[in-house]
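Trainee: I would like to learn how to read a structure like this one. Please take me through it feature by feature.

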Amino acid sequence: MRGRKPRPIEIASGDLPTLQQIARSQSRPWYQVRRACILLGIVDGAQMQILAFLTQCDESTVRRTCYRYERLGLSGLLESAKRSRRPIVISPPATCTYRRTGLPGTCGRRPAHYPPDQRGSCPAGGR
């Protein structure tokens with residue numbers, strides 16, 4: 001086998017049934033299910049390339065998931081990622097076709113070319 005040898009990962013005996021339950025869950029968030037599937041695949045001895053293909057992610061995601069479990073345990077694995085970027089803001093739709101979308105004084109954020117529900121009602125002819 002070419003490439004890096006996978007490091008063996010040790011899963012605590014109490015975490016294994018929980019991970020199996022999470023991997024079969026249909027009501028948990030997708031990232032928790034994917035992380036549980038990744039860990040169970042690594043424990044079963046699957047190659048990272050194949051596991052990345054099966055879980056539809058990159059190999060670096062598989063490595064980061066294993067490292068996250070080793071560092072933070074099961075509780076850290078199930079937490080959502082903390083993001084440092086600005087939260088997503090959706091501007092309200094225009095009240096009339098001749099008015100711009102967005103709020104006045106929004107620090108230069110650009111509105112959409114046309115509101116999605118009023119496509120084709122542009123006073124300049126539309127599309």
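Mentor: Start with confidence, since this is a predicted model. The mean pLDDT of the chain is 77, and 62% of its residues reach 70 or more.

Trainee: Over which residues is the pLDDT below 50?

Mentor: Where pLDDT is low, the predicted coordinates should not be read in detail. Here that applies to residues 118–127, where the pLDDT is below 50. Beyond near neighbours in sequence, that stretch has nine contacts in the model.

Trainee: Among the elements, which has the highest mean pLDDT and which the lowest?

Mentor: Helix H1 (residues 15–24) has the highest, at 93. The lowest belongs to helix H3 (residues 48–54), at 90.

Trainee: How many helices and strands are there in the chain?

Mentor: The chain has four helices and zero strands. Read from the N terminus, the order is α-α-α-α.

Trainee: What share of the chain counts as buried, and how much area does the chain expose?

Mentor: Of the 127 residues, 27% count as buried.

Trainee: What part of the contacts joins residues 24 or more positions apart?

Mentor: Counting contacts with a separation of 6 or more, such pairs account for 42%.

Trainee: Which residues have the most contacts inside the largest nonpolar core?

Mentor: In soluble globular proteins, nonpolar side chains tend to be buried together. In this chain the largest nonpolar core has 20 residues. Those with the most contacts inside it are Leu-19, Leu-39, Ile-42, Val-62 and Tyr-69. The elements that give two or more residues to this core are H1, helix H2 (30–44), H3 and helix H4 (59–78). H4 gives the most, with six residues.

Trainee: Take Val-62 as a case. Which residues is Val-62 in contact with, leaving aside its neighbours within four places in sequence?

Mentor: The contacts of Val-62 are Ile-38, Ile-42, Met-48, Leu-51, Ala-52 and Cys-57.

Trainee: What should I look for in the loop between H3 and H4?

Mentor: Look at two residues there, Thr-55 and Gln-56. Thr-55 is buried, because its relative accessibility of 17% is under the 20% limit. Gln-56 is exposed, because its relative accessible area of 72% is over 50%.

Trainee: What does Thr-55 touch, not counting residues up to four places away in sequence?

Mentor: Thr-55 touches Arg-34, Cys-37 and Ile-38. Thr-55 and Val-33 are 22 residues apart in sequence and 9.8 Å apart in space, C-alpha to C-alpha.

Trainee: And what is the phi of Gln-56?

Mentor: Gln-56 has a positive phi of about 55 degrees, although Gln-56 is not a glycine.

Trainee: Next, charged side chains. How many salt bridges does the count come to?

Mentor: Side chains of opposite charge can pair when their charged atoms come close. The count here comes to one salt bridge. Arg-63 forms it with Glu-59, and the closest N and O atoms are 3.8 Å apart. Both residues lie in helix H4, four residues apart, about one turn of the helix. Arg-63 is partly exposed at 33% relative accessibility, and Glu-59 is partly exposed at 26%.

Trainee: How many aromatic pairs does a search of the whole structure find?

Mentor: A pair of aromatic rings is described by the distance of the centres and the angle of the planes. The search finds one pair. Trp-30 and Tyr-31 form it, with 6.2 Å centre to centre and 90 degrees between the planes, an edge-to-face arrangement.

Key: Residues numbered from 1 in each chain as written. Predicted model: local features only at pLDDT ≥ 70, side-chain atom pairs only at ≥ 80, totals over all residues. Heavy atoms only, no water. pLDDT = per-residue confidence, 0-100. Contact = heavy atoms within 4.5 Å. Buried < 20%, exposed > 50% of the residue type's maximum accessible area, 1.4 Å probe, protein only. Phe/Tyr/Trp six-rings, centres within 6.5 Å; stacked < 30°, edge-to-face > 60°. Core = buried A, V, L, I, M, F, W, Y, C linked by side-chain atoms within 4.5 Å. Salt bridge = Lys/Arg side-chain N within 4 Å of Asp/Glu carboxyl O.
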